[in-house]
Amino acid sequence: MVSIISESSITSLARRSTCGGGLMLARSYDLPFHVGALVIILTVSTLACAFPLVAVKFPALCIPANFLFVVRHFGTGVLIATAFVHLLPTAFISLTDPCLPALWNDRYPAMAGAIALAAVFLITVIEMVFSHGRSVCSLSPAFDPHVALEHGPEKDISTDCDQIVNPARRVNSTGQQLQRLTDANAAIDRTEMVPYKTLRKDMFAETVDEFTEQDSVHGGKSKQKNAVLQCLLLELSILFHSVFIGMALSVEVDDAFIVLLIAIAFHQTFEGLALGSRISSLSWSDRSVKPWLMALAYGCTTPIGQAIGLATHSLYDPDSETGLLVVGIMNAISSGLLIYTALVDLLAEDFLSDQSWQVLRGKRRCMACFLVFLGAFGMSLVGAWA
């Protein structure tokens with residue numbers, strides 16, 4: 001028993017002897033070079049995210065009409081690869097490091113995947129809570145043709161809500177609701193009616209017309225709110241890990257720093273164009289500063305991480321237990337958020353929704369698919385270095 005305990009203790013100590021411990025002090029740290037890198041990343045990130053906005057805002061620049069099309073679908077591939085190739089593997093590597101307690105690397109090495117899964121469920125709940133689909137009226141029992149025949153003309157047909165809005169685009173709920181109304185109306189047509197029931201049918205048809213009219217009035221605002229929510233969640237999932245990318249860059253030195261700087265510059269360019277194309281596709285008012293603030297937030301997040309790394313480069317060690325846990329957990333959360341957003345809100349919306357078949361057909365759809373694959377492939381290559 002004593003020998004077993006001794007061997008276990010020795011193994012644990014051997015593991016932790018390589019964890020952190022002032023490695024930065026033994027290496028040369030070129031502060032001006034790192035400050036210059038901060039300026040480079042700030043410039044590249046901000047310009048990449050703002051460029052699609054500039055292309056839409058200033059048509060006089062004569063930017064090709066297909067530019068946003070290319071950036072939009074290329075960027076979708078970039079974001080998918082970011083989640084699966086950059087964030088999730090990094091989270092597993094960090095949270096299964098031998099420096100961490102046995103809970104993370106021996107007892108439950110799947111912790112990173114579990115955290116990412118929890119983030120997927122979290123963002124699903126958030127979208128449900130803030131979805132405009134909650135305002136869609138469930139059909140009143142009066143819309144059932146059998147109930148309509150049983151009640152007299154004195155009972156008005158009404159919905160369960162005061163206001164009807166256009167529901168989520170992916171499930172095409174409006175079409176389903178209208179189909180139910182149409183089926184109910186057809187059922188009334190096939191039924192023998194006494195005169196008051198004929199009057200009932202006319203009232204029913206008027207209600208269908210009112211439903212459609214209200215839907216057209218409120219649908220535009222609902223779609224815009226839903227699109228803004230999706231874009232904010234997308235940016236949130238990107239901003240989470242950008243801080244730690246900046247911190248990781250600021251604590252690197254020598255040749256590793258140069259390689260990582262180049263890789264992160266490409267990473268920020270691809271990701272910025274992807275996010276900027278989504279922001280620019282929304283309907284903003286001419287004087288709205290929100291899209292520009294969103295682009296600026298993206299541009300500043302990684303440099304903020306770099307600034308934190310600069311200020312704490314002699315204290316913060318990414319190989320320490322605390323550094324591994326913080327980076328691993330945040331990368332796992334970011335990967336879950338980005339996986340959901342990239343697959344559900346971007347890829348499925350662009351290629352699987354009913355609306356997508358109206359705007360993407362034939363060669364144009366094939367080109368969009370190719371751009372997604374190209375973006376994912378390019379970002380996967382960058383994943384070899386960053």
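This is a predicted model: local features need pLDDT of at least 70, side-chain atom pairs count only at pLDDT 80 or more; totals for chains, interfaces and linings use all residues.
T43 sits in helix 2, which covers residues 31-57. Its relative accessible area is 39%, so T43 is partly exposed. A polar atom of the T43 side chain lies 2.9 Å from the backbone oxygen of V39. Along the chain, T43 and C300 are 257 residues apart, yet their C-alpha atoms are separated by 9.0 Å.

Now F351. F351 belongs to helix 11, residues 321-351. With a relative accessible area of 8%, F351 is buried. Leaving out residues up to four places away in sequence, F351 touches H73, S356, W357, L360, R365, A368, C369 and V372. From the C-alpha atom of F351 to that of R361 is 10.0 Å, and the two residues are 10 apart along the chain.

How do helix 3 and helix 13 pack? Helix 3 is residues 67-95 and helix 13 is residues 363-382; the angle is about 40° and the axes are 7 Å apart. The two helices are therefore oblique to each other, and their crossing is right-handed. On the helix 3 side, the contact residues include F69, H73, F74, G77, A81 and V85. On the helix 13 side, they include R364, A368, L371, V372, G375 and M379. By class, this contact has 14 nonpolar, seven polar and one charged residues. H73 of helix 3, and A368 and V372 of helix 13, take part in that contact, and F351 touches each of these three residues.

Key
Residues are numbered from 1 along each chain as its sequence is written. Side-chain values use heavy atoms; hydrogens and water are left out. Axes are lines fitted to C-alpha atoms, for helices over the stretch in contact, and angles run from 0 to 180 degrees between N-to-C directions. Helices (H or I, at least four residues) and strands (E, at least two) are DSSP runs, numbered from the N terminus. Angles under 35 degrees count as roughly parallel, over 145 as roughly antiparallel, 65 to 115 as roughly perpendicular and the rest as oblique. A crossing is left-handed if the near helix is turned anticlockwise from the far one by less than a right angle, and right-handed if clockwise. Contact means heavy atoms within 4.5 Å. Ala, Val, Leu, Ile, Met, Phe, Trp, Tyr, Cys and Pro count as nonpolar, Asp, Glu, Lys and Arg as charged, and the others, Gly among them, as polar. Buried means under 20% relative accessible area, exposed over 50%, partly exposed in between (1.4 Å probe, protein chains only). A polar contact is a pair of N or O atoms within 3.5 Å; within protein, one must be able to donate a hydrogen and the other to accept it, and residues adjacent in sequence count only if both atoms are side-chain atoms.
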